[in-house]
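Please look at the structure first and then read on.

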Amino acid sequence: MYEFQLSGKLPYHVELRTFSLKKEKPVSLKYPALVFVMANDLFIKLAGEEEKMISEGQFFLLPRGIVCELTSPGNTETIILQIPNISALYVFFISKSFYLEPDRVRLFYPLPIERHMLRTVEGLKLYMKGGIIDPVLAGLKTLELFYNLKNSYSKDILETFFSPVCTKECSFASFVLSNHANVKTAEELAQLSNYSFSGFNKQFHKVFGISPYRWMLQQKIDKIYKEIYYETSKPIKLIAEEFGFANISNLGDFCRKHLGASPAAIRNRKK
C-alpha cells in the first residue's frame, strides 16, 4: 500500500489487490474507497443480500465501514484508492445543496472506467507493479484521476455514485469549508456549529481525516505562503500583523518551522 498526500495536505492510500477463486474474508475499509476492477469480474455480497457482480472495466465506491465479501471467478485484479478526506469528494464532485437521506443511498453503483481514466489507472498499476512510485507521483496521478472523473460523467451520475457519502458528513464538510475563513481557531469554528467541542472534534476527524487543529494550521500555512509569495508589494510586517503575529521575528520563526525558509527567502524565490 502506498500512502501519499494530495496537494501536500491530507494522506490518501492506494493499493493493488488481487482476489482469487478462494473466498476472501469479509472486507471493511477504514475510509471510503474507489475500487477499480482491472481484470476479470468481481462479486460483492452483503449479509442477507444477493450477490452482485462488478464487471471488468468498471469501478465502484466502497463506503467506510461497510462489511462485504468479495469473491472472484478467477484472479481479479483491483486498484483500491482509499480517501480519508471526505471533504475532497465534496469539493470535486458534490454540489453545495446536495444532501441525501440514508434510505436513498445507492450502494455499489458501478460506472464504466472511461478511457481517459483508464489510462491514469493503468499508469498507477504499472508504477506500483514496477515499484517506481513515490508519494508525490501517486498524489499527482490521483489528482489527475479526480479531474478525469469529474469531466467524464454528468453531475447527476456523480451525485448518485457518491450518494453513500452524501449524508450529514457532506453537510458538515460544507459548513467547515464555508466558514473556516471567518474564524481564527478551531474552537471558534466549533462554536459556530451545532456540536459540542468534543463532538465537533470527533465529526471533524471522521470527515477530514485529521484533527481540526491540524487542518486549521494547514490553512493558515497555505494562506501565509500565498501572501508572502504572490503579494510581493505587501510588506512582510503587514502580513505579520494581519495573521496575528506580534512582530516579523515571530512570523519568521513560524515560516522556518512550517515552510522551511524565512519570509524573505520565500519571496526571493519568485524573483
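Q: How many salt bridges does the structure hold?
A: A salt bridge is taken here as a side-chain nitrogen of Lys or Arg within 4 Å of a carboxyl oxygen of Asp or Glu. By that rule, the number of salt bridges in the structure is 6. This is a predicted model, in which local features need pLDDT of at least 70 and side-chain atom pairs count only at pLDDT 80 or more, while totals for chains, interfaces and linings use all residues. Residues are numbered from 1 along each chain as its sequence is written, and side-chain values use heavy atoms, with hydrogens and water left out.

Q: Which residue forms a salt bridge with Lys234 in which the closest N and O atoms are 2.6 Å apart?
A: Lys234 also meets the side chain of Glu242 in a salt bridge, at 3.2 Å from N to O. Lys234 is buried, with a relative accessible area of 19%, where buried means under 20% relative accessible area, exposed over 50% and partly exposed in between (1.4 Å probe, protein chains only). Glu242 is partly exposed at 42%, whereas the partner at 2.6 Å is buried, as Lys234 is, and that partner is Glu227.

Q: In which helix do Asp253 and Arg256 both lie?
A: The side chains of Asp253 and Arg256 meet in a salt bridge at 3.3 Å, N to O, and both count as partly exposed, Asp253 at 42% relative accessibility and Arg256 at 44%. Helices (H or I, at least four residues) and strands (E, at least two) are DSSP runs numbered from the N terminus. The two residues are 3 apart, about one turn of the helix, which spans residues 248–258 and is helix H10.

Q: What is the angle between the planes of Phe59 and Phe161?
A: Rings of Phe, Tyr and Trp (its six-membered ring) pair if their centres lie within 6.5 Å, and planes under 30 degrees apart count as stacked, over 60 as edge-to-face and the rest as tilted. Phe59 in strand S6 and Phe161 in helix H4 are 102 residues apart, so that the pair, in the terms of DSSP runs, links distant parts of the chain. Both residues are buried, and their centres are 5.1 Å apart in a tilted arrangement, with an angle of 55 degrees.

Q: Which residues do ring pairs link into a cluster?
A: The count of aromatic pairs comes to 10. Ring pairs join these residues into a cluster: Phe36, Phe59, Tyr153, Phe161 and Phe162.
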